Structures are given as structure tokens and as C-alpha cells.
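Hi,

Here is the structure I promised to pass on. Have a look first, and then read on for what turned up in it.

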Amino acid sequence: KIRLTSEMKDYEKANETMKYMDSIWTLTKPKLKKESMAEMNKLEFAINDLREALAKQDFAIIDAKSEVILKIADDIEKAAEKQN
């Protein structure tokens, strides 16, 4: 959603979505297993990069970081499925 709203240059909506994503991550992170720590750290770095790109309204970086975040989130989900 951040990528889509940024593409439409609706940075106010993109920032609202970023805040929502931050709150969801804050709730989700403690529930993940310690074995996923490396992926969790990667995700946090990518989220911070996305936040900075959003502040600069740099769509090229927003687009790239959005893809990175989706990939890392998929990796975390797959790892969690294997552990269960």
C-alpha cells in the first residue's frame, strides 16, 4: 500500500500506512522465534530504509525497499512454517 500511495504521490496516506505497519511490526516481533533473528534484523533495516525514503519522497527507493520488505516477510513466514 505504501508503494501504491507513493506512486500516486499521496505521501500523507503513505505515511499513515507506514505508522500502521510500524504498529503491526511492534506487535508481531515478540511473537517470532529467536531463530528468525537474522531475518528480523534485515526486516527492521529495510523498514528504516523505507521510512527514510518516504520522508524524502523518493519513489524509486520506496519501490525497491517495498519489494525487499515483501521478500524478507515471505522468508520469515516460510521459516516459521518450517519450525511449526
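The lining of the largest pocket is made up of 14 nonpolar, three polar and two charged residues. (Nonpolar here covers Ala, Val, Leu, Ile, Met, Phe, Trp, Tyr, Cys and Pro; charged covers Asp, Glu, Lys and Arg; the others, Gly among them, are polar.) A pocket, by the way, is an open set of points on a 1 Å grid over the protein atoms alone where a 1.4 Å probe fits, with protein on both sides within 12 Å along at least five of seven lines, and lining residues have an atom within 4 Å of a point.

Before going further: this is a predicted model, so local features need pLDDT of at least 70 and side-chain atom pairs count only at pLDDT 80 or more, while totals for chains, interfaces and linings use all residues. Residues are numbered from 1 along each chain as its sequence is written, and side-chain values use heavy atoms, leaving out hydrogens and water.

Back to the pocket. Its 19 lining residues include Met21, Leu43, Ile69, Leu70 and Ala73, which lie nearest the centre. Helices H1 (2-7), H2 (11-28), H3 (37-56) and H4 (59-83) each supply at least two residues of the lining, and H2 gives the largest share, six residues.

Now the chain as a whole. The chain has four helices and zero strands (DSSP runs, numbered from the N terminus: H or I of at least four residues for helices, E of at least two for strands). Buried residues account for 25% of its 84 residues; buried means under 20% relative accessible area, exposed over 50% and partly exposed in between, with a 1.4 Å probe and protein chains only. The C-alpha trace spans about 40 × 20 × 15 Å along its principal axes.

Which residues of H3 are buried? They are Met40, Leu43, Ala46, Ile47, Leu50, Ala53 and Leu54. They cover an arc of only 140° around the axis, so they sit on the same side of H3; the arc is taken from the directions from the helix axis to the C-beta atoms. On the other side of H3, Phe45, Ala55 and Lys56 are exposed. H1, H2 and H4 are among what covers the buried residues of H3, where contact means heavy atoms within 4.5 Å. Just past the end of H3, Gln57 has a positive phi of about 55°.

Happy browsing!
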